[in-house]
Amino acid sequence: DGNMRLWFPVLTGLGRLVGNDPRVELRSRAMEELFGVLRAHGGSFSEEMWLLVYQGVLYPIFDDVIHMGEVSDTEWLRTTCGPAMQALTSVFCLHFAATNGLLDLHLSLLSKCVVHTNETVAETGVSNVRRLLSESGAGLKRDHWGVVCDVMREMFDRSGPLSDEELSGEGSVEGRLARVV
């Protein structure tokens with residue numbers, strides 16, 4: 001696919017800057033450009049191209065946040081995580097006709113944020129789930145709603161209060177947190 005050969009290296013480079021560069025100004029500019037390109041040209045991407053972009057460019061931006069119980073780079077969290085997640089959800093909704101097949105992947109990313117131990121990450125996840133459903137809800141089909149309900153149930157199960165039985169033994173906080181991460 002011609003789009004893939006042209007866009008993927010550019011998008012990958014921008015995504016790496018957003019996720020890993022220590023310079024706030026460069027991360028911010030790379031984020032503007034990355035999501036600007038996706039807003040402007042994502043409508044011409046096939047579903048397969050979106051899958052590749054999502055898995056190879058967008059999801060990796062949030063790898064450190066998702067795979068760490070504690071977030072060490074609080075500057076990245078404060079300056080980049082929220083805006084990048086908002087931009088991702090916005091682009092996802094804008095091109096929902098092409099991205100709807102990736103709803104489970106996007107909800108999976110958001111749910112990992114919602115159940116995160118860091119309150120800022122969790123709030124970012126909740127606000128983006130709300131945004132996704134308010135902006136794309138009218139376009140969701142029955143099978144999409146099934147995915148949404150399954151992910152919501154899983155989020156509630158993983159982040160809800162614990163019973164007395166769960167607080168001791170196998171359902172201890174440590175055991176429950178291990179299942180979340």
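These legends describe close-up views of a predicted model. Local features need pLDDT of at least 70 and side-chain atom pairs count only at pLDDT 80 or more, while totals for chains, interfaces and linings use all residues. Residues are numbered from 1 along each chain as its sequence is written, and side-chain values use heavy atoms, with hydrogens and water left out.

**View 1. Crossing of helices α7 and α8.** The axes of α7 (residues 103–114) and α8 (residues 119–136) come within 6 Å and cross at roughly 145 degrees. Axes are lines fitted to C-alpha atoms over the stretch in contact, with angles from 0 to 180 degrees between N-to-C directions; helices are DSSP runs (H or I, at least four residues), numbered from the N terminus. The contact (heavy atoms within 4.5 Å) includes Leu103, His106 and Leu107 of α7 and Val121, Ala122 and Gly125 of α8. Its residues divide into ten nonpolar, three polar and no charged (Ala, Val, Leu, Ile, Met, Phe, Trp, Tyr, Cys and Pro count as nonpolar, Asp, Glu, Lys and Arg as charged, the others, Gly among them, as polar).

**View 2. Salt bridge between Arg29 and Glu33.** A salt bridge is a side-chain nitrogen of Lys or Arg within 4 Å of a carboxyl oxygen of Asp or Glu. Here the closest N and O atoms are 3.2 Å apart. Arg29 and Glu33 lie four residues apart in α2 (residues 24–41), about one helical turn. Arg29, Glu32 and Glu33 are linked in a network of salt bridges.

**View 3. Salt bridge between Arg23 and Asp21.** The closest N and O atoms are 2.7 Å apart. Asp21 is buried, at 10% relative accessible area, and Arg23 is partly exposed, at 47% (buried is under 20%, exposed over 50%, partly exposed in between; 1.4 Å probe, protein chains only).

Conventions. Helices (H or I, at least four residues) and strands (E, at least two) are DSSP runs, numbered from the N terminus.
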